[in-house]
Amino acid sequence: MIIFNQDVINNFFYIILSIFLIFFLVEKKWIHGWYTRMATFVSLSMAIILCMLSPIYNNPYCVHDLRMIPFVLGIMYGGPYTGLALLAVLLGFRTMIYSWSIVAFVIYVVIYLFTVIGMKWFHFQRLSSRNKIIFSVGIFTFHSIVAALIAKAMTIFVIDESYLINFILLPSCGMLILTYICETLLKQIQIKQALVKIEKMEVLAQLAASISHEVKNPLTVIKGFLRLLQQENLPVGKKEQYLTIASSELNRAEDIINDYLTFARPDPEQVETIFISEQLQKLADMVEPLSNQQSVVVHKDIQDSGIVGNTRNFQQAFLNIIKNAIEAMPKGGTLTILSKVQKGNVSITISDTGVGMTPMQQARLGEPYFSTKEKGTGLGLMVSYRIIEAMRGIITVESRIGKGTSFQIVFPVDHVKDPSSI
Ligand code: ADP
Ligand code: MG
């Protein structure tokens, strides 16, 4: 009678390892959607194969290991298609290692069908964590009994005490522990996602409160000047002056609202390959009127590469940085836009020869409402930092008062569609 030997521990180890691997990839956000199902399949297939290679119990009539646990976990958490793919792996390797067996085939297919039907019947997706664990142990014990009955009906198989322990008790306890681990890990991911949302909502609420305050100032000014404009016999010069002030205040209110909206807009789902050269060129064209107006010469040295992200967000992030660079050179200067591909990364540098920043100012970059400009909103860089962070980019800033500033942003290259690799 075997209850706990090295092979039992090995079997558990393989299954836990595969579960942690999937959790790690999902938690780090390296995979999502279809890739998660693919990773679940690959990882649990490895666990199934490794379990089969370390049998717990071996006699002429049956070989036993915990392969059924990753199989049923795969159906429960990966869905019926992942389960079907795992069934194919299970049957394929079973046949390769021990030769074809009609009994094994019938048992696996019945277990697959029972699990899928059981999940539909009990609305598995909607169950609480506790009920999911109860479901998994219940269905697994049921499977073990059905498997024993099928084996008994189709072969000269004997159900003894050792069988009850090794085939029913041990795997069901294993299932209990492993489903518990899966549920705990899944909860961790859900809590983390909820926290990110709450954090964003909190920032939004803070912003909304202060934005109404921020917009009120220019509106009050505009109101005042409109009232002045109503006066009769206003000299033409004055009229023009009032209109200019009112329109510049309107622009300010518009800037504040635009910056806020970029942040408040829901995250665009669409993630695509962004070709750096094309986008940086577009940005340079976009700011050309502004740079001409301030006698800023634009110098470009761009190496093309693909990175992953949302194009609109990318443009917004860099437009804010480039606009700041131009605004830092009121008496003209040189704006340099560089991009370089190195060791799987692409580094984009935006430098200016403008006013520069003190170390104190540099430390506050990205903070909401930090602005040294008379009409600044202090929201531009906050939005840029958030977007770049979400794209897994790293920002470094170097600046010297009176000399200029350089923003360097490093992104990982999208290897699949990197034009330099085609
Ligand atoms: P705003 O441009 O409305 O002031 P930002 O968030 O875009 O708000 O920028 C915040 C502050 O960071 C600016 O007011 C400025 O003091 C500083 N800053 C950003 N970029 C530069 C730069 N290239 N050179 C000098 N100062 C900069
Ligand atoms: Mg700005």
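1. A residue is called buried when its relative accessible area is under 20%, exposed when it is over 50%, and partly exposed in between, with a 1.4 Å probe and protein chains only. The structure is a predicted model, in which local features need pLDDT of at least 70 and side-chain atom pairs count only at pLDDT 80 or more, while totals for chains, interfaces and linings use all residues. Residues are numbered from 1 along each chain as its sequence is written, chains are lettered from A and ligands numbered from 1 in the order in which they are written, and side-chain values use heavy atoms, without hydrogens and water.

2. Helix α10 covers residues 311-327; helices are DSSP runs of H or I with at least four residues, strands are runs of E with at least two, and both are numbered from the N terminus. From first C-alpha to last, the 17 residues of α10 reach 24 Å, close to the 24 Å expected (1.5 Å times one less than the number of residues). The buried residues of α10 include Phe-314, Phe-318, Ile-321, Ile-322 and Ala-325. An α-helix has 3.6 residues a turn, so residues three or four places apart point the same way.

3. At the start of α10, a side-chain oxygen of Asn-310 comes within 3.1 Å of the backbone nitrogen of Asn-313. This is a polar contact, a pair of N or O atoms within 3.5 Å; within protein, one must be able to donate a hydrogen and the other to accept it, and residues adjacent in sequence count only if both atoms are side-chain atoms.

4. Around ligand 1 there are 20 residues, and Asn-324, Ser-371, Thr-372, Lys-373 and Thr-377 come nearest (a residue is near if one of its heavy atoms lies within 4 Å). Oxygen atoms of ligand 1 lie 2.6 Å from a polar side-chain atom of Ser-371, 2.4 Å from an N or O atom in the side chain of Thr-372, and 2.8 Å from a backbone N or O atom of Leu-381.

5. His-123, in the loop between α5 and α6, has a positive phi of about 50° although it is not a glycine. Tyr-369, in the loop between α11 and α12, has a positive phi near 70° and is likewise not a glycine. Most residues other than glycine have a negative phi. His-123 is partly exposed at 44% relative accessible area, and Tyr-369 is partly exposed at 28%.
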